[in-house]
2 protein chains.
Amino acid sequence: MNILNLDHISANQLLPEVQDAMVSAIRMGYGNPSSQHKMGEQGSEALEKARESVASLINCASPKEVVFTSGGTESVNHAVKGVALANTDKGKHLVTSNIEHNSVIRSMRRLKMMGYQVTSVPVDEHGRVNPDHVAKAIRDDTVLVSIMHANNEIGTIEPIEEIAQITREKKVTFHVDAVDSVGVLPIDVQKLGVDLLSFASNPFYGPTGVGGLYIRRGTSVWPLLEGGIQENNNRAGTENLIGIIGMGVAAELAKRDMKARLSQFKRLREKFLRELPNYIDEYIINGHPEYCLPNLVSISVKYIEGESVVLMVDDEDIEISTRSACASGSLRASHVLLSIGLEFAEAQGTLVITFGLENTEKDVVRFLTALKETVKTLRNLSPLYKKAHQTEH
Amino acid sequence: MNILNLDHISANQLLPEVQDAMVSAIRMGYGNPSSQHKMGEQGSEALEKARESVASLINCASPKEVVFTSGGTESVNHAVKGVALANTDKGKHLVTSNIEHNSVIRSMRRLKMMGYQVTSVPVDEHGRVNPDHVAKAIRDDTVLVSIMHANNEIGTIEPIEEIAQITREKKVTFHVDAVDSVGVLPIDVQKLGVDLLSFASNPFYGPTGVGGLYIRRGTSVWPLLEGGIQENNNRAGTENLIGIIGMGVAAELAKRDMKARLSQFKRLREKFLRELPNYIDEYIINGHPEYCLPNLVSISVKYIEGESVVLMVDDEDIEISTRSACASGSLRASHVLLSIGLEFAEAQGTLVITFGLENTEKDVVRFLTALKETVKTLRNLSPLYKKAHQTEH
């Protein structure tokens, strides 16, 4: 049977048009965009064309506000460390939330080792940040607020526009990790009112290892990578032009097809949630019922371990995950799931299902059928399940 | 006429085998190497295969000592900032040379803003660092020495092995920027005895925007990119797998063909230097006559501007450069050329010619012919030239 990918948050296959653009870039060969001769000019033109496509996807005031990076992680490190280090004269206090991606958490942990203080605001049971909590957390010495747009484990979308109103009023720089939103949902950096926004190409079917950082004009931030004068002096290093060309095409397609993709995802997600009770019982749906990624479902299945489900359905060529691929292999329970109030055991039983463009309603049924058998098998082996159900009798 | 690339230090076209490997990676599609299912495993296998090829090229003790990065600039920033920040308990003093690439210079300038002190040792008229100067510059609070392997503007190769003996004796971490050496010259990190070594894929005909950092096991360095647990926790972020696969193949070919390439470059370079006086006069050959990159010639042509030559020969589809592409567009004279004792005017008249695999002896003649005409035209317009030659009469 074909491999069924329901783990699109870990990896998306490149769209045919993206593949073709990258293959053509490889075959034709470009010069170094920084060189002054003709080959260099061709490279430079391809680079700026991609920048315009990406800037248009998130509605920048100018393409110059887009800095190409090696992916979401570089963008986040650039933003968080760069703003903190560039503003030490104003203070050394940072505000974030309890459910951020490890790139934000670890960047801030590093800054703490350098004398910074971090206030992390809680989220409610749906994983939403309360903007009032952010307002209260901001101090006179706060130099950065960093809150994610959509959570990569439970899909909850945060009230970014409301938080941006607060940060603008209090004149604090606001960074948003939008790695799992850009290209999936309509994102308008001007409407959101943020100062920096991190994103990556793969969530919208561009290549991995390529991303971008929106830096609103006038924002004070130190570059993470320094040396040459590339990217308007915002990010040194010869560009990954082949990857950037792929990202540009992926951005154009994402913008063009956004509506159709959203309704496809919505249909799949609704079918999944509607059918789920016909296949398994005793589970929790995580995340916010309304403010959520259209392509993600997080379910905590009681009395079993998510990792076992991943491996068992993989034997049937179905790919799902338990959490962020970046954190795979970690034995600790997800900080996101604990933050929304799950018990440790519930967190360990969590599955993350993410739909992609090639998925159909048949795929939903194929997965649910496999899930039913897997859950039955695992619960038959589960002392926790037996104990819970013995005591009921 | 075909475009004649004599600016290989700015950009190398991908070798056919490298192109094929990248195209095949694009077409087949890999999973996320961090994912736990089958697609992820395939990605992980491709990643580790590339790591072995790259580790073998520079003779690492273990492939785990290679961290994949987004290029030479990221590698250098990671090494310089990472070692400095990880060792503040030992001190805040750094040693480097006067002719480093801007990625080293600007990383250190940033660290100076954070309270570090930098000692920069001079070079001789050939651009060589004297190891004794490094030994004298090292203090009790020195935490890093960073010296480049081969200079990207004049080609001079530094006495890395001798310097490494000093740093090991004095127990100071030693980073080497070998971006223009790895894959061009035989590099053996164990024989050199260095702790960190930065390199990039494009100098040996792999893709741009992909590089590596050798970190000897046990070296204390903070990651530049933090978040997920990729690259043995040394560099977070989903990998640019397509680019890394290309780099792996390029590394295999570089190792296999190293000898043949070196003798080709040597032949071209020797022909160029032998013929040059038959075409132009009043020039200086920069760099060391013996310890130099086999594929680079730097010449300072008196009484003219290098930038004008670049643009004029570009009209005849010949690509050369005046300096590092990373610094193109800068109006200041090269710090490297001033450091070896050139006058400002001589520095401005400098051309950097870099040979590549597709170049032939005919190309040398084609360029020299064009150069002769160009120099003649420019000198006819040059007040400096007229003045110098009037006074002679």
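In the predicted model, 63 residues of chain B are in contact with 62 residues of chain A, two residues being in contact if their C-beta atoms, placed from the backbone, lie within 7 Å. The elements of chain B that give two or more residues to the side touching chain A are α1 (16–28), α2 (38–57), α3 (72–86), α4 (102–113), α8 (241–275) and α9 (306–314). Helices (H or I, at least four residues) and strands (E, at least two) are DSSP runs, numbered from the N terminus. By residue class, this side of chain B consists of 22 nonpolar, 31 polar and 10 charged residues; Ala, Val, Leu, Ile, Met, Phe, Trp, Tyr, Cys and Pro count as nonpolar, Asp, Glu, Lys and Arg as charged, and the others, Gly among them, as polar. Residues are numbered from 1 along each chain as its sequence is written, and chains are lettered from A and ligands numbered from 1 in the order in which they are written. Because the model is predicted, local features need pLDDT of at least 70 and side-chain atom pairs count only at pLDDT 80 or more, whereas totals for chains, interfaces and linings use all residues.

Chain B is superposed on chain A by a rotation of 180° with 0.0 Å of shift along its axis, at an RMSD of 0.0 Å. The two copies are therefore related as by a two-fold rotation axis. The superposition is by least squares on the C-alpha atoms of residues with pLDDT of at least 70 in both copies. Of the interface residues of chain B, 98% are also interface residues in chain A, so the copies meet through the same surface.

Residues Q19(A), M22(A), V23(A), I26(A) and R27(A) of α1(A) meet Q19(B), M22(B), V23(B), I26(B) and R27(B) of α1(B). This contact comprises 6 nonpolar, 2 polar and 2 charged residues.

Chain A has 13 helices and 12 strands. Its C-alpha atoms fill a box of roughly 75 × 55 × 35 Å along the principal axes. Buried residues make up 58% of the 393 residues in chain A. A residue is buried if 20 or more other C-beta atoms lie within 10 Å of its own, exposed if 12 or fewer, and partly exposed in between.

S146(A) lies in strand β5 (residues 142–148) of chain A and is buried, with 27 other C-beta atoms within 10 Å. Not counting residues up to four places away in sequence, S146(A) touches V80(A), T96(A), E100(A), V104(A), H175(A) and D177(A).

Most residues other than glycine have a negative phi. K171(B), in the loop between α6 (160–169) and β6 (173–177) of chain B, has a positive phi of about 55°. K171(B) is exposed, with 9 other C-beta atoms within 10 Å. D317(B) has a positive phi near 60° and lies in the loop between α9 and β11 (318–319) of chain B. With 16 C-beta neighbours inside 10 Å, D317(B) is partly exposed.
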